[in-house]
Amino acid sequence: IPSPDGRKIVGYFGHGAGMIFDIMTRQVSWVTGRGFIEACALTPDGQEMVTGTSYGIIETWDIHTGKPSGPDIAGHADHISFLAISPDGSKVASTSWDRTIRIWDLRTRRQLGPPLTGQTHDAHSVAFTPDSMSVIAGGGNGTIERWDLLPEVPDTLTWTKFQRAAPLFQEALQAKDWKGFRTSLARGIKMVEDSALANPRD
């Protein structure tokens, strides 16, 4: 994967190590993490390489020093098979042999929302839409699926919370006047906020 400035290339090899290649100096830096590196991605600003390992761990590396750039991210129960960074650089999506797709906040290292489990086979790849608010995954069952990552209540993507309030949002869309629209919309938003306060990890 080339860096945006064209000065470095990052990748990984079959023996499980990550590579940072400096095109200008022809120097190679090798990185080794917790387990074999089996997936990698580069942040949009070209400053960090993100890797996924056979132990289900996500690690980040400063591409200038080859050193870890933050704490490990853990949560998968099996090998990580693919990684994607959101265009805004705030999130990483990971697919795994545990048949889940997970979304992580790169700053806080926390998982955002519950695992995505629509694929009945291992998801082989995942990508974000340009607005960073949806992910699209392809799986071993030959299907392509999309999940919309709805607006966040602090630190948690709110698929479940918004589903609970969906009837009120639908009611707002069907309102016959502006007052009815505002009333139903406000009730739906309040339900999401109340749910977030009562169950912040839903």
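This is a predicted model: local features need pLDDT of at least 70, side-chain atom pairs count only at pLDDT 80 or more; totals for chains, interfaces and linings use all residues.
Residues are numbered from 1 along each chain as its sequence is written, and side-chain values use heavy atoms, with hydrogens and water left out.

**Whole chain.** I looked up burial and found that 44% of the 202 residues are buried, meaning under 20% relative accessible area with a 1.4 Å probe, protein chains only. The exposed surface comes to about 10,600 Å², of which carbon and sulfur atoms supply 56%; these areas are from the Shrake-Rupley method with a 1.4 Å probe. For contacts (heavy atoms within 4.5 Å), I read that 37% of those between residues at least 6 apart in sequence join residues at least 24 apart.

**Cores.** I took a nonpolar core as a set of buried Ala, Val, Leu, Ile, Met, Phe, Trp, Tyr and Cys residues joined through side-chain atoms within 4.5 Å. The largest has 13 residues, and Ile 101, Ile 103, Val 126, Phe 128 and Val 135 touch the most other members. Strands E10 (101–105), E11 (123–128) and E12 (134–139) each supply at least two residues of this core, and the largest share, 3 residues, comes from E11. Apart from this core lies another, of 11 residues, including Ile 58 and Leu 83.

I then followed Phe 128, whose contacts beyond four places in sequence include Ile 103, Val 135 and Leu 149, as well as Pro 87 and Lys 91.

**Sheet E4-E5-E6-E7.** I found 4 strands forming an open antiparallel sheet in this order, where two strands pair if DSSP finds at least two bridges between them. Strands E4 (37–42) and E7 (73–74) stand at the edges with a single partner strand each, so one side of each is left without a neighbour in the sheet. E6 (57–62) is joined to E7 by 2 bridges, and the bridge partner of Ile 58 in E7 is Ile 73.

**Ser 54.** Leaving aside neighbours within four places in sequence, Ser 54 is in contact with Gly 35, Phe 36, Glu 38, Asp 78 and His 79.

Notes
Buried means under 20% relative accessible area, exposed over 50%, partly exposed in between (1.4 Å probe, protein chains only).
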